[in-house]
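Please open the model in your viewer and keep the sequence at hand.

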Amino acid sequence: MIITLAFVIFRTSYLRDHLLHGNRYGSGWLILAGLFSALAIYGTHAGMVVSMDGEMTPVPWSYELREGEAVVNFRDLVVVTSGLAGGPWLGASVGAIAGFERYRLGGFTGLSCGLASLLGGLLAGLFRRKLDARITPKSAAGIAAFAVIVQMALILFLAKPFGQAIILVKQIGVPMLLTVTAGCYVFQQVIQVLDRDRLELLARRAEIRALHAQTEPHFLINTLSNIIALIRTDADKARHYLTELGQFLQETKAYAKIDTITVEEELQHLHKYLDFQRLRFDDSINYHETIEDPALLKNQIPPRTLHTLVENALAHGSHSSEKPCTITVMLRKREKFLELSVEDTGVGISPERLARIGNEPVSSNHEGGGHALYQLQQTLKLMWGDDAQLVISSQVTQGTTVTLILPLTQAG
């Protein structure tokens with residue numbers, strides 16, 4: 001249950017942010033307090049009633065303990081983890097709610113156990129505030145052990161008669177110690193793993209977005225040179241291209257801040273790029289699109305996906321001086337997958353180089369070489385893992401086809 005709670009909280013960004021930032025205000029904090037409190041109260045009633053004559057029975061929700069009865073449960077495991085996770089305010093709040101409910105049940109340890117829950121959550125939260133990011137699974141287990149020792153001490157000091165309190169501590173002390181310390185150790189271990197994975201994912205996404213924000217310098221220099229040359233012959237057309245270049249750069253900057261865009265947005269951005277390339281290569285580029293179903297245009301893909309493939313196709317096709325470069329973009333649905341293909345009639349790729357492209361960074365003398373395809377492959381793995389594929393087929397002098405197979409994000 002504790003591991004499940006950790007996953008639920010950490011996979012819910014709204015709750016995770018409140019937990020990590022220690023914010024004790026707002027609905028997020030109330031939801032966390034409610035979740036931990038509900039689980040802590042359930043922990044009380046999921047335990048067993050222990051009587052001094054050795055009998056053990058379940059704890060019904062309407063049950064009130066008699067004198068000589070106590071409850072063995074995992075309430076304090078949840079209370080301590082709430083303090084470790086959210087600090088003193090959350091720990092004390094959960095401890096107070098769960099502790100009051102335990103006090104209501106009665107029994108000769110009602111006051112001591114209710115007070116122990118409040119103190120356990122508060123102490124765990126104070127340790128969390130002091131240690132902050134330095135809480136390790138071992139230190140979490142140590143804090144939990146201290147909370148259990150405090151509870152046992154309160155039972156001995158407050159529970160009457162003293163003889164029954166000693167017997168109870170002997171019976172439940174070690175099992176409670178093992179349960180609470182092991183649970184807090186596992187909880188902190190899970191939290192650390194999830195947080196490390198989250199930070200690695202954020203770092204990787206930041207790297208990818210930084211790459212998306214970069215405009216290939218050769219492309220920009222060549223485009224500006226062509227616009228400058230155009231000013232002398234057709235000023236109106238030059239102004240049109242300058243406006244379009246400004247929009248292109250603004251879109252590039254905007255797309256660098258997000259993880260995905262629709263295929264339709266990617267194609268619109270690609271059309272601007274191709275306009276600039278036609279300005280440079282005149283009529284040596286033939287571009288075609290084949291879209292099986294317009295609904296597929298609503299699917300989400302990483303920014304610059306098609307841009308990378310077309311840029312790579314132009315790099316290979318531009319070296320074939322005998323005929324214009326023909327590039328065809330195809331969009332199809334294959335069962336539960338979206339298939340994006342970019343086919344060119346360029347010079348092709350040698351078998352030796354083909355075996356490496358996409359699997360490792362490959363140096364290139366041309367724009368849009370092996371580094372771009374490798375980076376695209378890593379982006380797809382980051383987003384979809386093994387559900388995404390990049391397939392390259394090519395023959396020297398016959399052209400190249402690069403196919404992406406991605407999970408559908410919209411029905412088509």
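How many helices and strands does the secondary structure of the protein comprise? There are 14 helices and 10 strands, taken as DSSP runs numbered from the N terminus (helices H or I, at least four residues; strands E, at least two).

This is a predicted model, in which local features need pLDDT of at least 70 and side-chain atom pairs count only at pLDDT 80 or more, while totals for chains, interfaces and linings use all residues. Residues are numbered from 1 along each chain as its sequence is written, and side-chain values use heavy atoms, without hydrogens and water.

Next, select residues 88-105, helix α5, and residues 110-131, helix α6. Their axes (lines fitted to C-alpha atoms over the stretch in contact, with angles from 0 to 180 degrees between N-to-C directions) come within 7 Å and cross at roughly 170°. Therefore α5 is roughly antiparallel to α6, the term for angles over 145 degrees. Residues in contact (heavy atoms within 4.5 Å) include Trp 89 and Tyr 103 of α5 and Leu 118 and Arg 129 of α6.

Then select residues 399-407, strand β10, where 9 of 9 residues are buried. Thr 401 and Ile 405 are among those pointing one way, Val 402 and Leu 404 among those pointing the other.

Strand β8 (residues 337-344) runs antiparallel to β10 with 8 bridges, and Leu 340 stands opposite Leu 404. Strand β9 (residues 389-395) is also antiparallel to β10, over 7 bridges; Ser 393 has Thr 401 as its bridge partner.

Conventions:
Parallel < 35°, antiparallel > 145°, perpendicular 65-115°, else oblique. Buried < 20%, exposed > 50% of the residue type's maximum accessible area, 1.4 Å probe, protein only. Pairing = 2+ DSSP bridges.
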